[in-house]
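Dear colleague,

Please find below the structure that I am handing over to you. My notes on what was found in it follow directly after.

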Amino acid sequence: MSDYDLIITGRVVDAERVRENGYVAIRGGLVERIGEGPPPAARARQDFGDAYVMPGAIDAQVHSRSQRGQEDFVWSTRAAAAGGVTTIVDMPYDDGVLICTGERLATKAREAGEQARVDFALYGTVHPDDGPRHIADMVAAGAAAFKFSTFGTHPQRFPRIAPHMLHACFAEIARHGLAAGAHNESDEMVRAAEAAIAGSGITDYRAHGLARPALAEALATAEVYEIGAATGCSAHIVHCSIGRGYEMCQDHRARGHDATIEACIHYLVLDEENDVARLGGKAKINPPIRPRAEVEALWRHLAAGHVTVVSTDHVSWSEDRKTDPVMLNNASGVPGLEVLYALLLDGLLKRGLSPVWAARLLAANPARLFRIGHRKGALEPGRDADIVVMARDPRRYDAGASGNNFVGWSPYQGMALDYRPVATFQRGEMVFDGTRVLAEPGAGRFVTPARALAENGGQ
């Protein structure tokens with residue numbers, strides 16, 4: 001009997017290097033060995049030639065339940081498997097149910113576990129009336145992090161948490177060693193800008209960027225990092241569309257604070273003057289997609305190591321909620337799970353950057369952020385054998401063609417991409433074969449932080 005259950009060969013990519021003639025040896029669902037050269041014997045072998053064998057992505061920002069009766073975990077995790085995403089971290093702003101108590105988080109974990117095809121972790125949040133009262137219970141129920149908003153999108157589903165309340169919540173979260181993330185837009189500044197735009201008569205694609213100026217984002221980002229510094233809490237910006245935000249993050253890190261920052265893939269791919277002008281409501285996202293100059297600034301920050309995580313902020317709104325000719329009437333957010341890995345890898349390689357950046361930004365860094373690095377995020381002995389194989393296969397993206405997305409529209413529709421996932425493995429089992437998602441609902445597991453890691457701030 002051979003030592004290993006499965007050997008996967010190809011150009012093996014981890015967060016530090018590319019093994020051009022590499023292999024991953026798997027036993028019992030775990031990575032047991034990685035190497036270069038002739039692989040050892042195994043019961044089964046999958047050879048992928050010169051394709052990249054990479055750690056499965058951890059998408060740090062998914063909204064599976066933003067629209068009741070729409071996507072849910074059965075579909076979000078199907079798109080994830082097809083895109084090489086082996087763990088999703090789901091946001092707490094579900095339509096009709098704010099995930100703000102331990103009981104609600106446990107119920108969501110149970111319901112998601114019945115549907116999920118890949119693994120999942122969960123954010124918790126608070127209701128403004130409760131403050132930090134339920135945070136300890138949500139930690140006990142398995143929350144991987146906490147999410148707040150400095151802007152009030154909806155008083156019940158997506159409430160604003162005022163600075164004094166953020167301070168109290170961050171202080172409590174710090175006791176548990178988890179991260180506090182924030183939607184970063186100044187409520188007062190956005191509302192004033194929205195009123196000005198309403199009076200101007202501008203209703204087309206320009207209205208959104210004008211209503212949510214870059215300064216509104218910068219002010220809220222500074223607020224979040226200062227509260228993190230004051231409480232000793234790990235402070236995370238869940239989406240940053242402006243170069244100034246990454247500068248602030250680096251400044252706080254240089255002063256010894258645990259500050260992290262996330263670049264959603266749309267901020268690296270789309271721009272206002274071309275894509276938002278063309279797509280209208282289908283490119284409405286908060287914070288807004290910025291002009292091309294900001295897009296290029298974000299890539300410079302990425303190449304300098306200033307970006308912690310790349311995510312999707314995935315949400316599959318029904319098309320009728322994204323096609324109003326009055327820009328500000330549309331829902332905010334776009335689907336992206338199926339194409340996250342392909343978009344990032346394509347962007348890296350076209351800019352002459354190593355694919356190791358994808359392993360860092362999509363796997364290693366998110367695993368640390370959510371304190372799940374004991375199980376996830378790397379092709380290293382003892383970690384779950386969560387793997388995506390990215391092969392060169394130039395094509396134009398068609399969101400409706402695969403059958404793995406709940407909606408058939410995408411802001412990335414028609415984009416030319418050189419690489420795509422041809423296989424996804426979860427704990428050593430193939431869950432996507434390049435065409436079909438093989439994992440059934442219920443195959444995914446609820447992933448929670450390691451207690452020892454959380455108590456030590458995830459270090």
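**Helix packing**

Helix 1 and helix 2 are oblique to each other. This is a predicted model, and the values in this message are to be read accordingly. Two packed helices are described by the angle between their axes and the distance between the axes. For helix 1 (residues 72-82) and helix 2 (residues 102-115), the axes cross at roughly 55 degrees and come within 8 Å. Their crossing is right-handed. On the side of helix 1, the residues involved are Asp72, Phe73, Val74 and Thr77, and they meet Lys108, Ala112 and Gln115 in helix 2. Sorted by class, this contact comprises three nonpolar, two polar and two charged residues.

A second pair is formed by helix 7 (residues 214-231) and helix 8 (residues 243-254), whose axes come within 10 Å and cross at roughly 15 degrees. Helix 7 and helix 8 are therefore roughly parallel to each other. The crossing of this pair, helix 7 with helix 8, is right-handed. Helix 7 contributes Ala218, Thr221, Ala222, Tyr225, Glu226 and Ala229 to the contact, while helix 8 contributes Arg244, Gly245, Met248, Cys249 and His252. Six nonpolar, three polar and two charged residues make up the contact of helix 7 with helix 8.

**Backbone points**

Most residues other than glycine have a negative phi, and most peptide bonds are trans. Asp72, which belongs to helix 1, has a positive phi, near 65 degrees. Asp72 also takes part in the contact of helix 1 with helix 2 described above. The other place is the peptide bond between Asn286 and Pro287, which is cis, with omega at about -10 degrees. Pro287 is found in the loop between helix 10 (272-279) and helix 11 (292-303).

**Pocket and cavities**

Rolling a probe the size of a water molecule over the atoms shows where empty space is left. The largest pocket has a volume of about 590 Å³, and 27 residues line it. Nearest its centre lie Thr153, Arg157, Asn286, Trp317 and Ser332. The lining of the largest pocket divides into seven nonpolar, twelve polar and eight charged residues.

The structure also holds three cavities of 30 Å³ or more. The volume of the largest cavity is about 60 Å³. Its lining consists of His314, Pro335, Gly336, Leu337, Glu338, Val339, Tyr397, Ala399, Asn405, Val407, Trp409 and Ser410. By class, the lining of the largest cavity has seven nonpolar, four polar and one charged residue.

With kind regards

Key: Residues numbered from 1 in each chain as written. Predicted model: local features only at pLDDT ≥ 70, side-chain atom pairs only at ≥ 80, totals over all residues. Heavy atoms only, no water. Axes fitted to C-alpha atoms, helices over the stretch in contact; angles between N-to-C directions. Helix = DSSP H or I, 4+ residues; strand = E, 2+ residues; numbered from the N terminus. Parallel < 35°, antiparallel > 145°, perpendicular 65-115°, else oblique. Left-handed = near helix turned anticlockwise from the far one by under 90°. Contact = heavy atoms within 4.5 Å. Nonpolar A, V, L, I, M, F, W, Y, C, P; charged D, E, K, R; others polar. 1 Å grid on protein atoms, 1.4 Å probe; cavity = no way out; pocket = protein on both sides within 12 Å on 5 of 7 lines; lining within 4 Å. Points joined across faces, edges and corners; volume = space filled by probe spheres on them.
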